[in-house]
Amino acid sequence: MAAPSVNISVESAIEHQIQEVRYDGQEIYVAPLSMSENLSKLAHKIDFYKDESEEKGKPTSEGEKESDEEKVLAPFQPSLWPWDSVRNKLKAAYTEISVLYDVLNIVKEKHYMVTDPVNQDGPELKAPLQMLAKKRSLVAAAHILSNGAERLKRVQNEMASVTQENFLMELLKLRKNWRLKKVHNTILGELSYKSAGSRFWQGGTFEVLKTSDLAAEGEIVPRKSSLDVIIPSELEGVAYILVEVKSVVSDLMNITSATLKMPSSLGPVSADTYWQLKLETAQNVLFCKELFAQLAREAVQIKKASTPHMVVGNQILTNVFPGVQLSIVLCHHTGKEKKVNLSSEKLEHNHVLEHSLHQLLREVHDRNLKCSAPHPVNAMLGMTRKRRLAGPRAMSRQELMEMGENESLLEQILKQTKHAVLRIRSMHVIDQMAVSIQDPQLCAHWSCLNSSLESSVRVSVTSYGYESIRTSLVLTIGIDLIRVVMKDGRVCTLSFEETELRDLLQWQICQHHTHSIQHLAKVQGWQVLSGIVSSGFGDMEAYGTTSNVLMASPRSNVIVSFHSNPVSGSKLWVKKVEPSIETHHSPAVTANKWASLSGEFQEVNLQLLEGRNLVGKIDMLMARLSLS
């Protein structure tokens, strides 16, 4: 009986390589090759450049190798073709002849190699010849270097000209500084200050063009830039605002003065000017026109002024003070005007006021552009913080009306002009008095921290040799008034008239003499009986009051009376009391010094006394009288 069959499981051996063994023991194998990949792998193993004839004589197995080793090498068998050896020798001879032919060509033709004989001993060269050879070599080298430098310079100049004349680069520079837009095939720009807050009606549109290097006749014309701009005809030329403050004989306004004083140095901008300068000049013309239009509109609208403003053509005239006229003229020179014979008078253009006008208009632009945010957000836009607080602070109608009133540009420039005129007048008065009056000395210290509507100056009055005795006063110059603060704290207000300031300074000089003599009396032991700064006793003077002082010597035997007046000058009287004379005593007289007041005083001629100044003369006189 046959044994029962047994099932045997046959599994294929693991033929794939292991790629990775993980930490948990799992093995990852390399994916098996496909049939096409396996075929390409086998094909790469075949050497197609190997000769099959070499493999014919080789053994294919180990048995054949062993049998071949045991065999004895067979003797040389000749080739089957009898002329085989002849062919090989002819071929070798042809090769040698070809090589010989090439060597002869190289030596003969001199194209490939030059063979010269080599001298064992070199010739002796003389020093002059060597110097000449080196000199020629240096000259040749210098010539080569100079040619190279010129070539490099020419290349750099060409590159610079190409960079300068590049239209796109110039357009990029223009775009950085000016607003541009493209309309169809045209590039337009804007000169106005509308983006900065201006509300002027006139526009400033200019056109950008690409220039050509070829002229009409075909000649090359050098240009500074490959870009050019076309300015509107109304903005051509040069413009500026002429501000002139002048004195007139009468209250009549001089209308033709500013027109005849047009400077001849102004001229139109030439065609070959750089585009940046053209645009800046045209923008300045537009700004001056806007400024003058604003001032002319305000001059017509302002009706509360004491003197009416006059607008004639391109000129605005107004009176600052009696006899002082302010003229604001728009000077626009395009080069097409007729030449006018200019007068020999000097053009008194005030550059400070012109700058103030420009600054005031730019402040208006800034206020138009910058509006405060509404608080709360549903409030009206543009309302200031002060107006928002008007309700909570319960402001009155008058306060609200004052808040709504804003000073115009013309009113502001008039205030600045008045202050400038008053400051110059005060400066001239102080300087003239300081030069004309030698005794005492006047010294003015102007403050550097001033505003456009207020300035201050400290005036010090001193005597030479007695500088410790000082009389000072502070002048605060406003719009049309001068506020004076005295040494003792008194405040005096002066008008714009020059005579008032001159009278005040002369009065202060008289008071300085009085104070100086009182100080000398205290030093020398004299007794001041009375001292009056403003005395109403005496003759009536044209202006000012008399300052007097009455002093008694230490022995009470000499009485000195000093009077100082701005008009009549300084006078000195002396009275000497003899002790032997008996005076009548009354119950009202408490001391002998008061009993000696009566009697005759003798006037002293101050011009004949020795001394450098008035205080020094009186000082010496008091010292002499103290010893008598």
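Trainee: How many helices and strands does the secondary structure of the chain come to?
Mentor: The chain has 15 helices and 20 strands. Helices (H or I, at least four residues) and strands (E, at least two) are DSSP runs, numbered from the N terminus. This is a predicted model, in which local features need pLDDT of at least 70 and side-chain atom pairs count only at pLDDT 80 or more, while totals for chains, interfaces and linings use all residues. Residues are numbered from 1 along each chain as its sequence is written, and side-chain values use heavy atoms, with hydrogens and water left out.

Trainee: What makes E18 and E19 a pair?
Mentor: Two strands pair if DSSP finds at least two bridges between them. Strand E18 (residues 558-565) and strand E19 (residues 569-576) have 8 bridges in the antiparallel sense, so they meet that definition. A hairpin through 3 residues joins E18 to E19.

Trainee: Which residues are the bridge partners of Val574?
Mentor: Val560 is partnered with Val574 of E19, and Val574 also has Gln602 in E20 as a bridge partner. E19 and strand E20 (residues 602-604) pair over 3 bridges, again in the antiparallel sense.

Trainee: Why is Cys331 called buried?
Mentor: Buried means under 20% relative accessible area, exposed over 50%, and partly exposed in between, with a 1.4 Å probe and protein chains only. Cys331 has 1% relative accessibility, so it counts as buried. Cys510 is buried too, because its relative accessible area is 5%. Of the 628 residues in the chain, 30% are buried.

Trainee: How do you know that Cys331 is in no disulfide?
Mentor: A disulfide is a pair of cysteine sulfur atoms within 2.5 Å. By this rule the count is 0 disulfides. For Cys331 the nearest cysteine sulfur is that of Cys288, 9.3 Å away.

Trainee: What is Tyr29 called, buried, exposed or partly exposed?
Mentor: Tyr29 has a relative accessible area of 35%, which means it is partly exposed. Tyr29 is found in strand E2 (residues 27-29).

Trainee: Which contacts account for the 56% in the chain?
Mentor: Contact means heavy atoms within 4.5 Å. Among contacts in the chain with a separation of 6 or more, 56% are between residues 24 or more positions apart.

Trainee: What does the accessible surface of the chain come to?
Mentor: About 44400 Å², of which 56% belongs to carbon and sulfur atoms. Such areas come from the Shrake-Rupley method with a 1.4 Å probe; for residues, only the protein chains shown count as cover.
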